[in-house]
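Hi everyone, thanks for coming. Please bring up the sequence and the model on your screens, and we'll walk through them together.

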Amino acid sequence: MSISYQPVIGLEIHAQLQTNSKIFASDPVLFGQEANTLISPISLGHPGTLPKLNKKVVEYAIKMGLAIGSTIAPRQYFDRKNYFYPDLPKGYQITQDKTPICMGGSILVHLKEGDKKMEFHHIHLEEDAGKSLHEGDNPYSFLDYNRAGTPLIEMVTEPSIHSSEEAFALVSEVRKLVRYLGICDGNMEEGSLRADVNVSIRPVGSTTLGTKVEIKNMNSLRNIQRAIEHEIVRQTKVLSEGGTLIQETRTFDSHTGTTHSMRVKETMNDYRYFPEPDLAPLEISETWLQEVKASMPLLPWEQEQKLIKEFGLPAYDAHFLADTREMAVYFEEVATFSKAYKAISNWLMGPVKSHLNETNLSITAFELSPKTLAEIIELVESGTLTHNLVAHQLFPLMIDNPDKSPAQIVSEQGWLNAQTGDELIIWVQEAIAAYPDKVKEYQKGKKGLIALFIGEVMKKSKGAADPKRVNQLVSEELSKA
């Protein structure tokens, strides 16, 4: 009889904190610089050097803990995690083992089958290692220590994730949250946010955890999902064929969609943790904790509720706008110039989002100021111009001429005359005069011919005329003919 297995997944999510300098040294934290130009004797662990804790790093970790409802430890110690690896210049990593800065906490994720609260065991602070470079066919590996000492928080989940979809959703929410808090840019392709994925399987109904396999340094949401799905299939096949799983570290090949063994997993004893002798205990006073709380921005779910309650937006719109803090802020800035809140939302979800996608821009780089977009929207809301004209003609012209006002471009194009002026009536009369035979057919009952005259007027106006207004005027003129 075949056995059905349940996946049990845990994540260790590493977020690189957006501080100007490293966690224990003043070396700058920058991406893409020439190798080994952002290092110092401290980050390399030279004899006689002493680490000094970056206060901003602690503040950022506290913010993350507060955001997910963790308990902030009032007193903590740093530890040395000892292991040899070429990109670890000191031969040990300064981390928090027994006293992590944050304990517990959870994030609500939205899944197809409903919402689920994803639990965290803890968050701890640590320094990053360097990077090994393997270039082309060169038989030698190169080491870049620029990243060594970069501040990280490691968010360790409980082993309560049971599908690749849940893991995908959780990392997505973490990325959104760190960006909201302004503590990490969340750029997975640059390694600012990455995850180690622990996967095991157990018979359905069992409460005993199976043998855990760790997949290291996943820096893509899609690849996290693919690696988990492959590993579930692989482990199920091994057990179904009577084999035995071993605790090991594996790597994921994104080209083949498969995992491969790297090494047998170390145990905690292998790391020989002991207290870091060069750092004093970290104490977080209640006063400091309250100061950090007071500096917290609205969180994504709080921002959604604000958009619903204060601006009357549907839940779908609010969820879209609150996906990034910058988009929500832009909406609120536009809303200071226009009360057409639903129209603003429609524009941001429609023409603006399409433009940003096509040009690969974020809302912070959008060419139009909130005031300008509000003026564009008001032209439609007031009935001055049609939505079609504004969306397909005025909006692109504004993108190309952001220094001009909407009123200036409308005047230059003569669109107001096309809406209400004498010129519109003249176009109607010219269109009817050009087709005397069609006028007679219309009068004999072929009412569908009115579309011909409307089309001619729209051509003359270069699409600027209001079709409803044109329809009315054409009908009136045809009744006189």
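Predicted model: local features only at pLDDT ≥ 70, side-chain atom pairs only at ≥ 80, totals over all residues.

Residues are numbered from 1 along each chain as its sequence is written, and side-chain values use heavy atoms, leaving out hydrogens and water.

Let's start with α2, residues 164-181. Helices here are DSSP runs of H or I with at least four residues, strands are runs of E with at least two, and both are numbered from the N terminus. α2 has 18 residues and spans 26 Å from first C-alpha to last, close to the 26 Å expected; that expectation is 1.5 Å times one less than the number of residues. Just after α2, G182 takes a positive phi of about 75°.

A nonpolar core is a set of buried Ala, Val, Leu, Ile, Met, Phe, Trp, Tyr and Cys residues joined through side-chain atoms within 4.5 Å. The largest has 61 residues, and M64, I153 and V174 touch the most other members. α2 gives the most to this core, with eight residues. Take V174: leaving aside residues up to four places away in sequence, it touches I13, M64, I107, F120, M155 and L193, where contact means heavy atoms within 4.5 Å. There is also a second, separate core of 41 residues, including I344 and F366.

Now the open space. On a 1 Å grid over the protein atoms alone, a pocket is an open set of points with protein on both sides within 12 Å along at least five of seven lines, and lining residues have an atom within 4 Å of a point. The second largest pocket holds about 960 Å³, counted as space filled by probe spheres set on points joined across faces, edges and corners. It has 33 lining residues, and the closest to its centre are R175, R179, D323, T324 and K353. Which helix gives the most to this lining? Again α2, with nine residues. Thanks, everyone!

Conventions: 1 Å grid on protein atoms, 1.4 Å probe; cavity = no way out; pocket = protein on both sides within 12 Å on 5 of 7 lines; lining within 4 Å. Buried < 20%, exposed > 50% of the residue type's maximum accessible area, 1.4 Å probe, protein only.
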